Amino acid sequence: MHTLILNQGGGVVYSNIYGCLSFNEPHPKLNMDSRSPLLQLILVALQLSLQVACQSGSGSSSGFESGSGDDTTTEGITDYLPFQDLGTTTGIDRQCLKRRLDGASPAINIPVGFPIGTSIQSKAYVGTNGIISFDEPFLYWYPSPFPTRWGSVKRRYVVAPYWSDNDIRDEGDVCYEVHNEDSNLMRSISEFISYKSGSAFRGNWMLLAEWSDVHPYPHGSLHWWWWSYYGNIRSFTQNENTYQAVVITDGVTSYSLFTYNCEELQWSGRWRGATIGYNSGGRFYRNDKLSGLKQAKQIGCRNEPMSPYNNVIYQLSVSADVIQQLRKRCYDMHREDIKLHKDIHDIYNSLEPCPCTWWQGWRDRRFTFQWQAWYDGSLCHQQRFPRNKAAQFCCYSLNWPGWGSLKTAQSTSDWGTNMLRYHPGRDYLKFLKYDHEFRRTCCSVGLCSLYYERRPTNNCARYRPPRRTWGWGDPHITTLDNFQYTFNGLGEFILLELNDGSFTIQGRAIPVNSEVKATKFSSLAFKENISESVEIKYNDNDFTVYVDKIDMSDMLSNVNETYNNNDSSIELTRQDTDSMLVAFANGISVTVNITMELLHFTIALPEDYINQTRGLLGNYNGIKDDDLEEYNGTAYENATKLNESAIYDVANTWRVKDNSSSLFVSPAPNPDPSFKPTFVDLSSVNETVVEACENDTACVIDATLTNNISIGLGTLNVNSVNVVEMNELSNFPPTMTGDANITVFNNVPVTYNFHVSDTGAVTVAVSGSEPSTGSLNDLGNGDWEYTFTWTIDNPTSFSLSFVATDAFNASATLVPLVSICGCINDGNCTYDGVVDATNTTIVLPCECPEDVWEGQYCEIDVDGCEFTLCFDDVECSDNPAPMAGASCGPCPQGFSGDGTKCNDVDECVNGTNLCEQRCVNTEGSYHCECWDGYRRINDSHCEDINECAGYNDCHQFCNNTIGSYFCSCREGFHLETDNETCAANVNCPPSTVIPRGVYCAWINNAIVFYCGKGYTYNSSRSECQDTNECLLNGACEQICNNTIGSFSCSCREGFTVSGRQCNDIDECLENALSNEPPLCSDTQMCTNTIGDYECVCPEGTEVISLEECGVIPPSISSSSTSSSSTSSSSTSSSSTFSFSQTPTQTTPPTVQTPTIVEPLLNLIELIAIAVGGGVALALLVMLMIVCAMLVRKKKNKKSKRVRVMPARDPNTVELREQYRNRQTF
């Protein structure tokens, strides 16, 4: 994607993401796939060099400022637009806001629709705090650079000429007027925008707002004690601001125009400067260079002395060209996907179908819970292992009833039930390109169907849960066909083996103790042909894990730690302190647990392995009676009738034959050939044991053999849990059939019938209908008819859906298409703008009581905290309806106020500070400083500085005093008027021979030679020699340069010298106050550091390329290690008099290279093929040098670091200096 930048002459200039410019046509793509492998590395190096070289000369502007360029006019249009007089247009009334804090105007209808970002808004609001918002009022008072970390602010559509905490309760006005038809003023504004943008524009709807003589909070406070308590706040609040804003549209393109006057902006904010820019749902946003700075008021002075006015213009809408580009990009991606992934539907059919319920997905280890989706408010599972590099993604309902039922509707969000061509946990870069970007691009322009054509949804029709088998206790085994038996074998045995030998599970049994002729499982070992062997051993109350016979226990010592082997065919996860999961890419999984110091396991096999298994876990074919056979294939009919002794003989044939066949680290197939277990005669067991065990055979055997009923009950519990989980996994929700359409009106009875089918008992609930009546009639043979009758009376959250739930809580949902109208809570139903919001409910919208109720039916109590921005770290509590608004908790320590507005307590004024000398107030706290001549020894106390201990200005003697020092002279000398230099009281007689450059004093009838300041007398050479002051401590703060008789101080880069001290240069402030190109890109903010500066990402954004921030795709958490990626993003490059047509986009665009590079690359490739890569590399270096020479150099611009702005530490009490105040806390 290219970013369009319109210059004042109207010519179209294309800018690629590297800031390189071409005219008339976009640069061609850098097509890596079409080149020979020899040139791949060279092209990557060239791409990076172009990025660095082309960016070195590019500035960036977030908008257009009228003062940029020469002071000319075109047909009567001036370069500067002054304030407009409201109320002077015939037929248009001037409206003013009520005098209150943090208020907004009533809704202002926009009949033509107002495009901002990619949305169309129908309502606007003017707010007291320097904001024009769309869709709903914007009442936040604490300014923060866009897009901000607050989700409730980030999602909003707002224009901010000067977002600050205004107070109009006593003085000042906020007024506006709306132009719905052609007027002279709208025409002149349109002509001015056309002139500045170079594009013809004629608005047909305009809102003009003015904030006149507005004071900062708390100017209108009625509490006079406030002024005395907070000292200088009173003088600060006497300042006034006046500014104007216009938002205007022709229904397709929209602009904002801000107007400032240098003398009319007197305050920027007490602790944080005003925010200037706009935000479109967090995806498109702009911040002026001065946003968030205490110098924000200087935005009105940029054009002095040419004009006292300054205008800033933003194009708020994404141009039709950009939308067409996005649509074209979607179609291109669709065609590219058809070309690259011709077998997409075959791959789809190869994927595991989605489980029909969330519980099935939770129990099915072929899937893993998607935590990132959960954090984002979705309930999803993700296929654990890729199949043909692809994955299935399955999301479930969070509504109740019906929680956990599969959602099959096409979703436009980042999470939905559909296949992913690339598994996000295994190939994150390709997932971003071919799945995430594909979805976001197409769904942003209404072409979701193209995405879902290539990434189909799944309705779970083909889903078959895996079959579970388990072994537990002393040892007991449940086969794959659910036959249970006891086998107290000693040694190593084949539990499961696929007929083709591709997968094997072995188990090791050891004696329970020396007193009992019984065994227990101690280790399991696994081997898939394509992967390493795995052994899990229970030892000393913990697991020991071997992979390929190497101890990997340290990597799995903590809960939720995961290990993946090199080819990602095995995944081991420590699920709990006593639980370990082993999952294989073939779909088989094993869970190993410890209960009562006994190892037990659960194995799950997909239906793909029916008739393909052998071993102690049986022949998986659905028939119990043939589950026992000998290793040589000898089968036993009616195996379920065999006694324990006969079963022992059959099972013992599955012993691992020798050490070479063993999968264990320390093989021991047959440790004691003479071992014979004790067989329990169930008929002679104590009745108390049988009763306690609830007639469970495995429990009775373990309790009897160990003489410990607790062990028996532990065996019972393990078996019961496995039975419950297998039933949950195997259970499918009921099926429901009924009419697809129903029409509902208030106070008109409605009857609806549908059928339910299931193998067991079902219950039916109606979601979103209260009260309701209905009856479930049993038709026999697992069929029911449900009859639903209801008369609507102000329904709440009504969407007629029926949920059928079986005995195992598996649910299915039937949602007929419903047309409804039922506003409650004093809401009014309107027929304007009827929308099909969910494809299942046609809704007549409701107009709800403002600030009290909201929602589709006015059923939701408005969360006052959405509109009440409490002070930083203050808890907000909503006022329950019918009350509006919210309440804020108490202010943090160091502040005072009502929690909504908290002002700093000036500890330096009220006497609560501990400073010994000087107190400096900061936001929320204070710090201590010392008087001149002192230094701090701790947070509050000072001690005298001995100025005489290092360099000082005294010629002869330095005398330290408390807090200062003074100079004195030797006998026979006196101080000159500078109080530093010493001169002789009596000079030597004229006849005295005095060496050159030496002074002579006559003291006590004797000649005394001495030198001036900066020199030392050398008596042996009778001359004055230079004193090297730089060797003395404290001569200069940074760099000392000795000179003959003196010295000079200088500073490192990033500092300016002041005497002997060095002061940091605030590069960001100097740039913000100038008309120079910004130091940072539009999506970043500049923050000063000591000796340097940094470009930081605002809260809510992240680094997406070298010099760009944006809202990047959410990282997909997976049990495997995911690759990280950095995506490129557009950078609009222009001088300060350019007009940026396209707002900041967080969707990474296509990488472009300059037009001239393509033929040169072709030439290099030919040379590389002909004479070798060495010559080609040399030519590449020459090309890089030429490219760098063709681009402008930076103007004293240092290399900058890009980092994500940290959140505010609540324990921080010092006020962050100027640019740090720009941070979004």
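Predicted model: local features only at pLDDT ≥ 70, side-chain atom pairs only at ≥ 80, totals over all residues.

Visitor: Why is Y752 called buried?

Guide: Buried means under 20% relative accessible area, exposed over 50%, and partly exposed in between, with a 1.4 Å probe and protein chains only. Y752 has 3% relative accessibility, so it counts as buried. F802, at 0%, is buried as well.

Visitor: What makes the pair of Y752 and F802 stacked?

Guide: Rings of Phe, Tyr and Trp (its six-membered ring) pair if their centres lie within 6.5 Å; planes under 30 degrees apart count as stacked, over 60 as edge-to-face and the rest as tilted. The ring centres of Y752 and F802 are 5.3 Å apart and their planes stand at 20°, so this pair is stacked. Y752 belongs to strand β39 (residues 749-757) and F802 to strand β43 (residues 801-806), so the pair ties together parts 50 residues apart in sequence. Strands (E, at least two residues) and helices (H or I, at least four) are DSSP runs, numbered from the N terminus.

Visitor: How many aromatic pairs does this rule give?

Guide: The count is 49. Among them are W141 and F871, with centres 6.2 Å apart and planes at 15°, so they too are stacked. Both W141 and F871 are buried.

Visitor: Why is helix α14 described as largely enclosed?

Guide: In α14 (residues 697-706), 8 of the 10 residues are buried, so the helix is largely enclosed by the rest of the structure. The buried residues include C699, D702 and L705.

Visitor: What makes a set of residues a nonpolar core?

Guide: The members must be buried Ala, Val, Leu, Ile, Met, Phe, Trp, Tyr or Cys residues joined through side-chain atoms within 4.5 Å. The largest such core has 51 residues, of which F526, L572 and L616 touch the most other members. Strand β25 (residues 491-498) supplies the largest share, 5 residues. A second, separate core of 37 residues includes V126 and Y260.

Visitor: How do you know that the charge of K901 sits over the ring of Y217?

Guide: The rule requires NZ of Lys or CZ of Arg within 6 Å of the ring centre and within 35 degrees of the ring normal. The charged end of K901 sits over the ring of Y217, 4.3 Å from its centre.

Key
Residues numbered from 1 in each chain as written. Heavy atoms only, no water.
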